[in-house]
Amino acid sequence: MNRTTLSLIAAVTALAAVTGVASLTEGSSDDTAPAAKTATRLPVERSALVCPTPTSSDVATTTYTAFTPKVTGAQGAKKGTAALLPAQGSEDDGAQKDTQKDQKAQKGQAGTASKPVVSLKEPGKPVTAETDRSDAPALIGTADGPLAPGWTVQQTTTVAAGSGRGLLGTTCTAPDTDFWFPGTSTVKDRQDYVHLTNPDDNAAEVDLKLYGPNGRLKPSAEEEITVPGRSTVPVLLSTLTDVEALDATLRVSARSGRVGAAVQAVDQELGSDWLPASAEPSDSVVLPGIPADATSVRLVVFAPGSDDADLKVRLAGRSSSITPAGQESLHVKSGMTAWADLADVTKGEAGSLVLTPEGGEGRAAPVVAALRVTRGKGSSQETAFIPATTSIERTGTAADNRAKGSTLSLVAPNASAKVRVTASAGSGGGSPVSKTYDIKGGTTQAVEPPRPSSGRGGYALTVERISGGPVYASRMLALPQGGIPMFTIQPLPDDRGTVAVPAARQDLSLLNDGGQ
């Protein structure tokens, strides 16, 4: 996904005021990049997030947990703000209202939009808010000053019964212009809604395209969606095409403006959860944190480029990496969605899936990917999704953790690595606790993470890469209810809490070379 976020824009603006010209990189791990050799890393000064409409169920409870880790040099003497406000309106199933009705609805809700749903006061201590409203709105928010670097908000909804039954968790996302969602579906037993939330004042124009096993799914309805300013629009994917595809890939592209996007997948038999966007297309991807007791794992991959992709499939387990029997490789045709049924691939031992070019770099082609994971059997089954994610270059955070139920998966797909995991103070008090883990190359460690000392309430987990090779992570939250193994899994990408800023004297040369 494109990462031209408000946090980066603000960093450039602030530096430009001092130096006259500023350029920055997004923390590339390529040590040969000119900026990376001489750059100074500074905390971002502004971040933006959007959270989707949680549910329409009358038997649901939603918890929001907001957290910013303490960052050295993050304007300690300056007070910051971090708050999430209700979006101004929504439109059912993507139906487009006329402009006058939109304006009236926005004016009518202007009063409610002024009160924050959740606001953060200080780094290092999470804040929670809870609602059981069936009409709880989407949220839009920003953080600045010392609350901006690594600002993370988790939305967790428990639906006790009905077709949307399950534990639905999602990390609120930064607005962007391009998203890929492999793992969506348009079959009758699934109701997949993409929630589009516009954080800005002006309307955003968004294109939705679906791709199945034979390529682009023929549209039966308008694929261009207008999202009014500071509003949210849910779109039922099966209304976009008459073709039933069990495994499909959705692309969300903003032609003007930007949006936050997330897919809510509801299965009539297997429960529901949020499907986060996959990491940007890459020839090698990592999907971290398949539970040890997974009874079914389904891999969905899409090749967006002009070349087919031939992928080698590996499972990074507790002690080594193996090739799943009968699933040594996967061929993905250009512009098409492919899938593989990995069954109970972990066989009692937690692991992570690693996809790499089968024929070496010369035959590499970029892909996006996701896993659909099922736990339980019979009528007591529950599903969650694991998208391909980016590595943690410095820090990544999972905001909502409880006294019980969290499992943290850490994978080093190549070289060994060392990480520090810190449990923050609880929302009701306590002190942070840290623990260091050594991860052998090619393996996954699934651990019960540390908890705050004498803490009460929810807490955050922050993973900091100390040394070694790339590290990928995810957090599973399991809250069983009525014999159903309800769970949700969130990846922990790098939180981009800092940006690399070149020395001012180098800016002109970098700009002349086309650098950013």
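## Val301 and the nonpolar cores

Leaving aside neighbours within four places in sequence, Val301 is in contact (heavy atoms within 4.5 Å) with Leu311, Leu330, Val332, Met336, Thr337, Ala338, Leu355, Val367, Val368 and Ala369. Val301 also belongs to the largest nonpolar core, which has 32 residues. Val301, Leu287, Leu299, Leu353, Leu355 and Leu371 touch the most other members of that core. A second, separate core has 28 residues, including Val194, Ala204, Val235 and Val259.

A nonpolar core is a set of buried Ala, Val, Leu, Ile, Met, Phe, Trp, Tyr and Cys residues joined through side-chain atoms within 4.5 Å. Buried means under 20% relative accessible area, exposed means over 50%, and partly exposed lies in between (1.4 Å probe, protein chains only). In soluble globular proteins, nonpolar side chains tend to be buried together.

## The model and its confidence

This is a predicted model: local features need pLDDT of at least 70, side-chain atom pairs count only at pLDDT 80 or more, and totals for chains, interfaces and linings use all residues. Residues are numbered from 1 along each chain as its sequence is written, and side-chain values use heavy atoms, with hydrogens and water left out.

pLDDT is the predictor's confidence in each residue, from 0 to 100. The protein has a mean pLDDT of 86, and 83% of its residues reach 70 or more. Over residues 90-113, pLDDT stays under 50; the model has 34 contacts beyond four places in sequence for them. Residues 505-516 also have pLDDT under 50, with 16 such contacts.

Strands (E, at least two residues) are DSSP runs, numbered from the N terminus. Two strands pair if DSSP finds at least two bridges between them. In β25, 7 of the 7 residues are buried, so this strand is largely enclosed by the rest of the structure.

Strand β19 (residues 285-290) pairs with β25 in the antiparallel sense over 4 bridges. Here Ile290 stands opposite Gly351. Strand β21 (residues 309-316) pairs with β25 over 6 bridges, again antiparallel. Val313 is set opposite Leu355 in β25.

## Val345, in a loop

Val345 sits in the loop between β24 (337-343) and β25 (351-357). Val345 counts as buried because its relative accessibility is 11%. Beyond four places in sequence, Val345 is in contact with Val297, Leu315 and Pro324. Val297 is 48 residues away in sequence, yet the two C-alpha atoms are 7.0 Å apart.

## An open sheet of four strands

Elsewhere, 4 strands form an open sheet in the order β2-β7-β4-β5, with antiparallel pairing. β2 (46-51) and β5 (118-120) stand at the edges with a single partner strand each, so one side of each has no neighbour in the sheet. Neighbouring strands are turned by 15° against each other on average, direction ignored (axes are lines fitted to C-alpha atoms; angles run from 0 to 180 degrees between N-to-C directions).

Within this sheet, 5 bridges join β4 (residues 82-86) to β7 (residues 139-144). Pro86 stands opposite Leu139 in β7.

## Thr171, partly exposed

Thr171 lies in strand β9 (residues 166-171). Its relative accessible area is 26%, so Thr171 is partly exposed. Thr171 touches Thr152, Val153, Gln154 and Gln490, not counting residues up to four places away in sequence.
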